[in-house]
Structure formats: C-alpha cells, structure tokens
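Work through the exercises below with the coordinates open. Each task is followed by a worked solution.

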Amino acid sequence: MNSFNLLKSIADARPKLRKSEQKVADYVLANPNEVIHMRIVDLASEASVSEPTVVRFCRALNYDGFQDFKLTLAQGLASSPSFEQFSLDSKDTVREFKQKIFDSMIGNLISIREELDPETLEAAIDALAKAPRVEIYGFGASAPVCMDAQHKLYRLKILAAAYSDPHMQTISAVTLSEGDVVIAVSQTGRTKDLLHSVRLVRETGATVITLCPSNTPLADLATIAIHTDLEEDKDLSALMSSRVVHLVVIDVLAVGVAMKLGPALLDHLKTIKRSLRNLRLNDKRPPLRRPES
C-alpha cells in the first residue's frame, strides 16, 4: 500500500474510530513525514493520548502494531512523491502559486489513479465499445469535459453527442434504448437538472456511466460508477482540479475503447489525420533536440 492509499484509508476509517483514536488519526494525517521518525511515546505525547491508544489505532487499521504501521507509512512516503493541496496566500509570488497549483494538480491525479478500479473501467470501456449511441451530459465546468469526450469518441467511429442544456438532455434521455450509454459528468454529483436527466435515462434501460464523487445522488443512480473523490479548495472555484481529472479519465476510457475495437481502427485514425492536413499550416519549426545527458 502506498502513502496515498494508506492516508486515505485512515481518513475513511476515522469516523468509526474511538474519539481518542481519532486524535491519533488527525495527527498522522497532518504530519505523516514526522510520524515515520517518531517513537510510540512521541506520537502518543503529540496526539495527547496514551501509548495503548496508539496501538489500538494501528490495530484498527489491521496492523500488528505501531512499528508495522510506521514501516508501511515510511515505505509509501519513500516511493510516492509528495504533492500537497495548496493554500494560496495574498503574499504569494507568481513562482510560488504556480508551484502550488501544479503540485496540487499532480497530487490529485496520482491519488485518483491509485483509487480507480480497473474492473469498473473495464466495464465502462466494454459498454462504450458496444453502444449504438453514446450521449454525454454535464453542466458548467463539466460541459467542456463532455465536449472533449464527444470529440474523442467520435474519432473512434462511435456515434456520440454532448449536451449541456437541460432541455436537450431531456429529449436525448427519453429517446435512448437499451444498449445505449450515457456518460454523466459532475464535480459535485448533486446537480438537480443532471439528476433529472439521468433518472429519465434509467427508465429507458440505457447504461449510465458516472464521473463524480462517491456517496452522492448521481453516483447512486449509476449503472457503472467511476468515483473521483478530491479535496477541492472551496474558495477557488475557477481552479477545479476535478475538471482535469475528468479529462484524464475520459482519455483512459477512449484509449480502452480504441484497444478493444482493434487494429482496424488504426486505418480510420490515419485517414482522419490525413484529412486534417489541409486545415493546418506547414510546420516549419526545427525538430526539438533532447538535452545531452
């Protein structure tokens, strides 16, 4: 288990722990790099609990004891780069907030990569590859993700259309059939108009693939739920890393569909590439040179 999975498992288990054990969990989550250098007495002191409480905390997470837990945490931190969620300060320079934003984005991508279930992705890819028709629904910042999905699937000879208007989603939903697929994209999983559209889709028997946080009304309506659980900075609505995560997940699905459709698709993609040449200026830039090692 790497550090992302271990820390997430602590966060997930926290509500079920005793209050004293929650103090240990909170300290570990806030200071993982310091914990790996501590003795059990040190952690107990910092968390304001007894040493037996630390042992109970470790056993609640299915570790034999503190040393076993600390070893797993240390191994995970050593093998995983640390990219923390950013907190902007009014005194940050461009260099500083650029670094924070990129680090946060990279960290979120790695976290979601580790959490994505391959079997769920395989089920979604299989449904998309077989679908006579694919519709993609989303609102607000999710709308560009839907357009990107339409573009990628259309290149794969899949009849796809993206809708960010509730009226068009309703018309689309009631005209679907069993075997068709809807991809519903949401950063919150709680958009009322999207929930209405998806409920109509479920009545037709079509498959619903959701890209949204787990334990949300939209995820509960899914036939195939792809969870994207992220800690967003609520004060920076324009900087939504979930949008980038959704784009990358769409890439994963598109590549999976292309691989499932087989080599015959390559000729089609080459044809598209040739047909687009006349729309572009000739590239007269010199080839990039790799730096010498």
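**Exercise 1: a helix**

In helix 2, the buried residues are Glu-21, Gln-22, Val-24, Ala-25, Tyr-27 and Val-28. The model is a predicted one.

Solution: 

**Exercise 2: the largest nonpolar core**

Task: Find which members of the largest nonpolar core touch the most other members, and which helix gives the largest share.

Solution: 
1. The core has 33 residues; Val-134, Ile-136, Ile-183, Ile-209 and Ile-226 touch the most other members.
2. Elements that each supply at least two residues include helix 8 (118–130), strand 3 (181–185) and strand 4 (207–212).
3. Helix 13 gives the largest share, six residues.
4. Beyond neighbours within four places in sequence, the contacts of Ile-209 include Ala-124, Leu-128, Ile-183 and Ile-226.

**Exercise 3: a loop threonine**

Task: Decide whether Thr-228 is buried or exposed, and state which side chain it joins in a polar contact.

Solution: 
1. Thr-228 sits in the loop between strand 5 and helix 13.
2. Buried means under 20% relative accessible area; Thr-228 has 3% relative accessibility, so it counts as buried.
3. Its side chain makes a polar contact of 3.1 Å with that of His-246.
4. Outside four places in sequence, Thr-228 also contacts residues including Ile-112, Leu-211 and Val-245.

Key: Residues are numbered from 1 along each chain as its sequence is written. This is a predicted model: local features need pLDDT of at least 70, side-chain atom pairs count only at pLDDT 80 or more; totals for chains, interfaces and linings use all residues. Side-chain values use heavy atoms; hydrogens and water are left out. A nonpolar core is a set of buried Ala, Val, Leu, Ile, Met, Phe, Trp, Tyr and Cys residues joined through side-chain atoms within 4.5 Å. Buried means under 20% relative accessible area, exposed over 50%, partly exposed in between (1.4 Å probe, protein chains only). Helices (H or I, at least four residues) and strands (E, at least two) are DSSP runs, numbered from the N terminus. Contact means heavy atoms within 4.5 Å. A polar contact is a pair of N or O atoms within 3.5 Å; within protein, one must be able to donate a hydrogen and the other to accept it, and residues adjacent in sequence count only if both atoms are side-chain atoms.
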